[in-house]
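Student: I would like to learn how to read the features of a protein model. Could we go through a case together?

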Amino acid sequence: MNEQSDSITLEKQLAQHVSNGILFTPEKDNAIRCHACGIRCLIKNNRSGVCKVRFNQNGQLKVPFGYTAGYNCDPIEKKPFFHFMPGTDAMSFGMMGCNLHCSFCQNWQTSQAIRDENAGGGIRLITAEAMVDLTIRCGAKTVTSTYNEPLITSEWAVEIFRHAKQLGLHTSYVSNGNGTPEIIQYLKPWVDGFKVDLKCFQPRSYQKMGGSLESVLQTIGLLHQNNFWVEIVTLVVPELNDSTAELRDIARFIASVDKNIPWHVTAFHENYKMYGVGNTRLKTLLNAGNIGKEAGLRFVYVGNVHGHAPEWENTYCPKCNALLVERCGFRVSQNNVTNGACPKCNEIIPGVWQ
């Protein structure tokens with residue numbers, strides 16, 4: 001692997017490591033329409049989309065390929081996935097860029113690197129085979145595209161996932177869910193699990209971040225219909241989405257798709273451009289958890305408050321309330337799910353289990 005020089009701009013560096021994309025349609029005057037995300041950028045010749053990493057070169061879509069902005073082997077619970085291979089590790093990798101610009105972004109050093117000169121960081125060239133080899137060597141069972149928005153770098157993720165699946169590995173996305181039907185069909189053969197950030201339930205709030213609530217809701221529904229394993233996370237941010245009414249709307253929407261979809265309500269800690277609102281209070285998170293239960297969701301979890309809400313970190317059988325998976329933070333101390341079911345009452349527990 002070769003670390004790239006900082007002597008030229010990051011955007012120019014990234015433009016050197018691309019491949020041809022297929023998720024577009026041609027338009028007039030050599031322009032193209034990109035279908036990788038819900039923004040559906042109309043990209044004129046020699047221009048880039050909103051994400052800054054997908055660009056038009058003489059009527060051909062060029063997409064990121066052959067590098068990583070970082071990788072790490074860590075518990076899959078950190079994504080968070082709680083019903084997807086619990087107690088195992090995931091090899092997480094990411095690239096640069098995002099289709100949104102959230103002021104509270106937790107991965108801004110990579111997702112906002114092209115827009116924000118304070119992000120810093122560089123890239124390392126790597127092959128798909130080498131990434132999978134790293135996964136095998138660290139003993140991980142899953143390869144996960146994360147750190148930036150994976151939808152906009154899907155061609156590279158799929159190239160890695162092709163090799164991963166040949167060796168029996170699982171694959172997953174950690175995404176903002178601002179997708180399209182086209183990208184879902186493209187990913188269907190290659191991605192097993194999808195963690196979606198449902199950030200809020202106000203269209204105007206999504207517009208400020210550069211996204212579309214309608215697009216995210218549609219994507220969640222399509223992911224479920226196409227049999228991806230889906231878990232949803234709402235980072236509960238003070239003064240943004242922490243009202244009882246908004247949390248109730250989110251919970252009711254998830255329940256309308258499937259009451260078996262796990263909902264993670266997680267604590268915000270002041271970061272990036274959002275300071276002064278304070279961190280999320282435990283009381284607010286517990287209220288969100290109860291709202292989820294009242295909406296009929298069978299699996300609701302409270303996160304980013306390790307050890308302060310232990311009963312909300314575990315998985316219990318929704319039928320007999322037996323303890324199935326015991327957790328403390330990202331550590332699984334016991335997993336009693338047997339052949340995908342509760343060992344006491346044989347209730348099927350939705351998820352991807354070992």
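Tutor: Let us start with one residue. This is a predicted model. At 14% relative accessibility, Y272 counts as buried, because the cut-off for buried is under 20%.

Student: Where is Y272 found?

Tutor: Y272 is in the loop between β15 (263-267) and α9 (282-294).

Student: What is the phi of Y272?

Tutor: Y272 is not a glycine, yet its phi is positive, about 55°. N346 is another residue other than glycine with a positive phi, near 70°. N346 is placed in the segment after β19 (331-335).

Student: Is N346 buried or exposed?

Tutor: N346 has 58% relative accessibility and therefore counts as exposed, the cut-off being over 50%.

Student: How do I read a sheet?

Tutor: The strands of a sheet pair through backbone hydrogen bonds, in either a parallel or an antiparallel way. In this model, three strands form an open sheet with antiparallel pairing, and their order is β1-β6-β5.

Student: Why is one side of β1 and of β5 left without a neighbour in the sheet?

Tutor: β1 (18-20) and β5 (55-57) stand at the edges and have a single partner strand each, so one side of each has no neighbour in the sheet. On average, neighbouring strands of this sheet are turned by 45° against each other, with direction ignored.

Student: How many bridges join β5 and β6?

Tutor: β5 and β6 (residues 60-64) pair over three bridges, in the antiparallel sense. As an example of a bridge, F55 has K62 in β6 as its partner.

Student: How are aromatic rings described?

Tutor: A pair of aromatic rings is described by two values, the distance of the centres and the angle of the planes. In the whole structure, a search finds nine aromatic pairs. One of them is formed by F81 and F84, with 5.1 Å from centre to centre and 35° between the planes, and this pair is tilted. F81 counts as buried, at 0% relative accessibility, and F84 counts as buried at 0% too.

Student: Which kind of pair do F194 and F228 form?

Tutor: The ring centres of F194 and F228 are 5.7 Å apart and the planes stand at 90°, so this pair is edge-to-face. The pair links distant parts of the chain, 34 residues apart: F194 lies in strand β13 (residues 193-197), and F228 lies in the loop between α7 (213-225) and β14 (229-236). F194 is buried, at 2% relative accessible area, and F228 counts as buried at 5%.

Student: Which residues do ring pairs link into a cluster?

Tutor: The cluster linked by ring pairs consists of F93, F161, Y173, F194 and F228. A ring can also have a charged residue over its face, and here R327 lies over the face of F82, at 3.9 Å from the ring centre.

Student: Which peptide bond is cis?

Tutor: The peptide bond from K79 to P80 is cis, and its omega is near -5°. P80 is in the loop between β8 (70-75) and β9 (89-94).

Student: How do I read two helices that cross?

Tutor: Look at the distance of the axes, the angle and the handedness. The axes of α8 (residues 244-257) and α9 come within 9 Å and cross at roughly 40°. α8 and α9 are therefore oblique to each other, and their crossing is right-handed.

Terms used
Residues are numbered from 1 along each chain as its sequence is written. This is a predicted model: local features need pLDDT of at least 70, side-chain atom pairs count only at pLDDT 80 or more; totals for chains, interfaces and linings use all residues. Side-chain values use heavy atoms; hydrogens and water are left out. Two strands pair if DSSP finds at least two bridges between them. Helices (H or I, at least four residues) and strands (E, at least two) are DSSP runs, numbered from the N terminus. Axes are lines fitted to C-alpha atoms, for helices over the stretch in contact, and angles run from 0 to 180 degrees between N-to-C directions. Rings of Phe, Tyr and Trp (its six-membered ring) pair if their centres lie within 6.5 Å; planes under 30 degrees apart count as stacked, over 60 as edge-to-face and the rest as tilted. Buried means under 20% relative accessible area, exposed over 50%, partly exposed in between (1.4 Å probe, protein chains only). A charge sits over a ring if NZ of Lys or CZ of Arg is within 6 Å of the ring centre and within 35 degrees of the ring normal. Angles under 35 degrees count as roughly parallel, over 145 as roughly antiparallel, 65 to 115 as roughly perpendicular and the rest as oblique. A crossing is left-handed if the near helix is turned anticlockwise from the far one by less than a right angle, and right-handed if clockwise.
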